Every structure is written in C-alpha cells, then in structure tokens.
Amino acid sequence: MESVSESIKKMMKSRNFDPEYQKLIEHVYADKDVQSFLQVNQDKLSENSIMRGEAKLYEFVNEKTKLARNEATFAPGYRPTLVLNKNLIDVSYVPTNELLAQQAQTALKHRVRSISMPKLIKSASFDQFDMDNASRNQALMQANEFVASYRQHKDQFQPGLYLYGSFGVGKTYLLGAIANELAKYNVTTTMIHFPSFAVEMKNAIGDNNTGNKIESIKKSPILMLDDIGADAMSAWIRDDVLGVILEYRMQAELPTFFSSNFSMTDFESEHLAVNQRGDVEPLKAKRIMERIRFLAREVTMTGDNRRPKA
Ligand code: ADP
Ligand code: MG
C-alpha cells in the first residue's frame, strides 16, 4: 500500500492549483500532526474526502500556529484537534490544560457563597495561617480536625466551631480558610456577616422575600455566621431569623460555625437576653443558646489585633 504522503503528492499533481493555493496546501500537508492524522485514519479516508477536508486541515494548522505564537485564536483557551466526523475531516476544539485549571479554580470559588463578607476571606487558607501563639494553634488544629472528620464521616453529625476572641485575632480569616479548604472537597459553604445580613433582612420585610432568603441560607451544607453579637438584635431577628435558621440546622444536623467577640456565656446573658428595646427575655436567649451549643464547640482565640492600622 502506498504511503499517505505519496498519495497526497499524486493527488496534488493531478489537480490544477492556483500557485498561491498550492503553497498554502503544501504547508498544510507538511504539518506533522496532519500527516499522522491522515496516516492513522487512512482506511477511512478516500482521496475525495481528504480533498473536501482541506479547508478543515488548513483551519487546524492555522489555529495551531497562532496558539504556538501566543496570538489571538478563534477559541481562546481551546486548542484545535483533528477528528473524523462521519468519515469527514473536522476540527474539534478541546480545552487547554490552562483553561481546565482555571475552570477548576472558578468552580472552587463558587463553592463559597458569601453575603457581606470582607474580601480577605477569598485568599484565606490553612497554609497561610500564621500560628504565632498557642490558642491560634489550637483553633487551627480544631479547624483541621473538623474538615478531616466531616470528610471521613459523612453520615455522622460534626459540630462546627464557635470562634470566640477579641477584635482582629483572625476569626473571620480562619472561617474563610475552613470554607476554602472544604471547597477543595466539593463542599459548599455559605458565609454571612450576620449584622449586615440582619439589616438587609429588616429592609426586606416589605418585599415578601425574607422567607426565601432564610430558606436558602438555612439549608446550606455548611453555614458560617460571622460576628454574631456585634450589633444589638431585634426580637424579630433573634427569634424569626436566627432562631428559625438554627432550629432547622439542629433538626437536620447541619454543621454551623460562628464567630463572636462574646463567649457563649456572655453572648447569652449580655446579648441575646436583652433585645434592642431593652426587654429582658432570658428564656428566649436560653433557647437560642441551646441550639448554638448543639451546633458548635467553643474555641477561644487570643493574640494581637492583626488588623492593619488605618
Ligand atoms: P477578626 O475576625 O477576629 O476580627 P480578622 O479575621 O478580620 O479578625 O483578621 C484581622 C486581620 O488579620 C485581617 O486583615 C486578616 O487578613 C489578618 N489575619 C488574621 N489571621 C491571620 C492569619 N492567621 N494569617 C494571616 N493573616 C491573618
Ligand atoms: Mg471578623
């Protein structure tokens, strides 16, 4: 059987080409990938189908060259490859490794939903977490343990963490790092800056949408409520928003994280028990706190205020 290149030579001789086209097409047939494609598929390709596929072969070589030269291509992020489509030559575009890596990165980001959270959480990671004192060390260890047991024992309830510590010790940062770590294992987290969310909910009372918002948040596989206790809560936020979310999560056994400047004990007595109007309601506070204690374990973080000085 004659080789592919010989039959192509013969084929070209038999046709009366315009010299410009002749040069172009010779360049196309000289391409190594074109040659091996024709070789591999020689049983399925007639002379006629090769001729009809010349425009496609040309497109392939052209796009491939542009890609190699870093020039703008027809489909950025994709590389051309020759395929047979019902015995006709065609070019298919497959994602480059760079594009696949970028897509994986984007998917990772989408697994962390955040509402009114600071930007710093986007880049937070366990690797970058500074362990400059014992309590931070301890917090990171517990965070690591959570991720490990959550992955290993999917069928068992894993309580989240209640990070307690003063302003700037890195509570929000650690929550972000946990969410980003979980994202690597396909776990979706919703992070909420609770005081901002409370204001948003209050403003939304009129538009009948608050129920839907609570609904979507309470079902998140992992939920993080950041900075609870930073602002005074109305009884409505405490009982009909926070209470409803926590009740659902307790019943469904869904891990929930908190961060606060208050310890659990102080959060209950100094914050939850006294509403915005100054009414003292220790029983309502106790109910909420029972749910929080079920959902999360308290971890104290101490250390310097790490916030950059303004
Ligand atoms: P908190 O929520 O406890 O008030 P933040 O998480 O906002 O504190 O942290 C304060 C600042 O310190 C932020 O700018 C954050 O990026 C930085 N930071 C906190 N913890 C770490 C850490 N372990 N490693 C690197 N940067 C950190
Ligand atoms: Mg914070």
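1. Start with Val169. In this predicted model, one of its backbone N or O atoms lies 3.3 Å from an oxygen atom of ligand 1.

2. Two further backbone contacts deserve a look. A polar backbone atom of Gly168 is 2.7 Å from an oxygen atom of ligand 1. For Lys171, a polar backbone atom is 2.8 Å from a ligand 1 oxygen. Both pairs fall within the 3.5 Å cut-off, so they count as polar contacts.

3. Next, burial. On its own, ligand 1 exposes 550 Å². The protein buries 86% of that area.

4. Ligand 1 takes up the space of the largest pocket.

5. Now the shell. It holds 15 residues around ligand 1. The closest are Gly168, Lys171, Thr172, Tyr173 and Arg307. Sorted by class, the shell has 6 nonpolar, 5 polar and 4 charged residues.

6. On the annotation: an unreviewed UniProt entry assigns residues 125–229 to "domain: Chromosomal replication initiator protein DnaA ATPAse". The name comes from that record. In the model, this span is 50% helix and 15% strand. Its end C-alpha atoms lie 25 Å apart.

Methods
Residues numbered from 1 in each chain as written. Chains lettered and ligands numbered in written order. Predicted model: local features only at pLDDT ≥ 70, side-chain atom pairs only at ≥ 80, totals over all residues. Heavy atoms only, no water. Near = heavy atom within 4 Å. Polar contact = N/O pair within 3.5 Å; in protein donor to acceptor, adjacent residues only side chain to side chain. Areas by Shrake-Rupley, 256 points an atom, 1.4 Å probe, with all protein chains shown as cover. 1 Å grid on protein atoms, 1.4 Å probe; cavity = no way out; pocket = protein on both sides within 12 Å on 5 of 7 lines; lining within 4 Å. Sits in = over half its atoms within 2 Å of the grid points. Nonpolar A, V, L, I, M, F, W, Y, C, P; charged D, E, K, R; others polar. UniProt positions renumbered as here; feature names shortened; annotations may be inferred. Helix = DSSP H or I, 4+ residues; strand = E, 2+ residues; numbered from the N terminus.
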